[in-house]
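Dear colleague,

I am passing on the structure below, and after it you will find an account of what came out of looking through it. Please keep it open beside you while you read.

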Amino acid sequence: MVAIGAALLAGPATGLAQQSAPQPDPGGVTVQLNDDTAYELGLVNKYVHGDANVALAQCPGGQGLKAPTSTTFSSPVLSIGKYDYGPLIGVPANVSAEVELKKDTAPGNYPLTVNCNGKSYTATFSVPARQVSAVPSGSAHAGDGSMAS
């Protein structure tokens, strides 16, 4: 599943803003991490371990429906990868970038900022604790007879 983001807007870089639905500022700028899908809700502004994560923004001022190529994302806990400066179907964004969580990032809330037309806009996203993905060595397994006496 590819999680594509939609919705937390932020006001100018005077502080972090967290909202549950897209609320563009008067200039039409939004920024968020990931987007809810038709079959999975609760992805907006949440980092998803073990899945693709995408920074998204709506930044006016480019050619046609595209964002200006000077648009950039930043976050103290995310590595920003490949950018795409075009509109996305079903997502209110015209710039996106692949993101990965930096090693040893603790669970918590962090900023995601987009620099759009020389101004910064910030949203807050959460990083949940990692789930245990492997069964510890030597532990009992249901149905394997290890608990039989």
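**The disulfide**

The torsion about the S-S bond of Cys59 and Cys116 is about 95°, so this disulfide (a pair of cysteine sulfur atoms within 2.5 Å) is right-handed. The two partners come from distant parts of the chain, 57 residues apart, with Cys59 in the loop between E2 and strand E3 (72–74) and Cys116 in strand E6. The distance from S to S is 1.8 Å, and the count of disulfides by this rule comes to 1. Both Cys59 and Cys116 are buried, where buried means under 20% relative accessible area, exposed over 50% and partly exposed in between, with a 1.4 Å probe and protein chains only.

Before going further, please note that this is a predicted model, in which local features need pLDDT of at least 70 and side-chain atom pairs count only at pLDDT 80 or more, while totals for chains, interfaces and linings use all residues. Residues are numbered from 1 along each chain as its sequence is written, and side-chain values use heavy atoms, with hydrogens and water left out.

**Strands and sheet**

The chain holds 0 helices and 7 strands, taken as DSSP runs numbered from the N terminus (helices H or I, at least four residues; strands E, at least two). An open sheet is formed by 4 strands in the order E1-E2-E5-E4, with antiparallel pairing, and two strands pair if DSSP finds at least two bridges between them. E1 and strand E4 (78–84) stand at the edges with a single partner strand each, so one side of each is left without a neighbour in the sheet. Inside this order, E2 and E5 pair in the antiparallel sense over 5 bridges, and Val54 has Glu98 in E5 as its bridge partner.

**The core**

Which residues touch the most other members of the largest nonpolar core? A nonpolar core is a set of buried Ala, Val, Leu, Ile, Met, Phe, Trp, Tyr and Cys residues joined through side-chain atoms within 4.5 Å, and among the 24 residues of this one they are Val31, Phe73, Leu78, Leu112 and Phe125. The elements giving two or more residues to this core include strand E1 (30–33), strand E2 (53–58) and strand E7 (119–127). Leaving aside neighbours within four places in sequence, Phe125 is in contact (heavy atoms within 4.5 Å) with residues including Leu33, Tyr47, Val77, Leu78 and Leu112. In soluble globular proteins, nonpolar side chains tend to be buried together.

With best wishes
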